[in-house]
Amino acid sequence: MDLTEETQRILIEWSRQQAPNEACGILSYDTLRRMRNDSPTPETAFICAGLGEVVLHNRAGYLNDHLERYAIWHSHPTSRAVPTRPDIDLMRETLVPMIIVSLASTVPEVAIFALDEHNAERVICVRSYRPS
């Protein structure tokens, strides 16, 4: 999975608009969707409204042939682009990659993470971007 510069720019812009709360959404095929964060503590966590649809589709096997074009994205307004334990648990539940936008430094970072296909206990960084 690769992100165009335009997609990175939009993710960073949306993340900045939601700060200090975490922004979240879904990237499916070529459509980037922003979703409501329903977390009771949106400054430090996210619960994407409508994310249950992703879990149900994936459990039914609908996404298996298209996972490289599907991801959950969210921001870390004050921390690095590194998955937290809840992020990793969500990747295991949905089986889709996760894009994290970090606003912690002067130059934002956008990173894509996925479960290691050989060891589901490991998460690997697939790509990392520092847009100019």
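Okay, before anything else: what you see is a predicted model, where local features need pLDDT of at least 70 and side-chain atom pairs count only at pLDDT 80 or more, while totals for chains, interfaces and linings use all residues. Residues are numbered from 1 along each chain as its sequence is written, and side-chain values use heavy atoms, with hydrogens and water left out.

So, the overview. We have 3 helices and 6 strands. Here helices (H or I, at least four residues) and strands (E, at least two) are DSSP runs, numbered from the N terminus. Reading from that end, the order is α-β-β-α-β-α-β-β-β. Of the 132 residues, 44% count as buried, and buried is under 20% relative accessible area, exposed is over 50%, and partly exposed is in between, with a 1.4 Å probe and protein chains only. The protein exposes about 7,300 Å², with carbon and sulfur atoms supplying 50% of that; the areas come from the Shrake-Rupley method with a 1.4 Å probe, and for residues only the protein chains shown count as cover.

How about contacts, meaning heavy atoms within 4.5 Å? If you take those between residues at least 6 apart in sequence, 50% join residues at least 24 apart.

Strand β1, residues 24-28, and strand β2, residues 31-35, run antiparallel and are joined by 5 bridges. Two strands pair if DSSP finds at least two bridges between them. Which residue of β2 is the bridge partner of Leu 27? That's Leu 32. The hairpin has 2 residues between its strands, and Tyr 29 in the turn has a positive phi of about 55°.

A salt bridge here is a side-chain nitrogen of Lys or Arg within 4 Å of a carboxyl oxygen of Asp or Glu, and the whole structure has 8. One of them joins Glu 6 and Arg 9, at 2.6 Å from N to O. These two are 3 residues apart in α1, so about one helical turn separates them. Arg 9 also meets Glu 13, at 2.8 Å, and that pair sits 4 residues apart in α1, about one turn. Remember the general rule: an α-helix has 3.6 residues a turn, so residues three or four places apart point the same way. As for accessibility, Glu 6 is partly exposed at 43%, Arg 9 is partly exposed at 41%, and Glu 13 is partly exposed at 34%.

Last stop, helix α3, residues 85-94. Which of its residues are buried? They are Asp 87, Ile 88, Leu 90, Met 91 and Thr 94. They cover an arc of only 160° around the axis, so they sit on the same side of α3; that arc is taken from the directions from the helix axis to the C-beta atoms. Just after α3, Leu 95 takes a positive phi of about 65°.

Technical notes:
Contact = heavy atoms within 4.5 Å.
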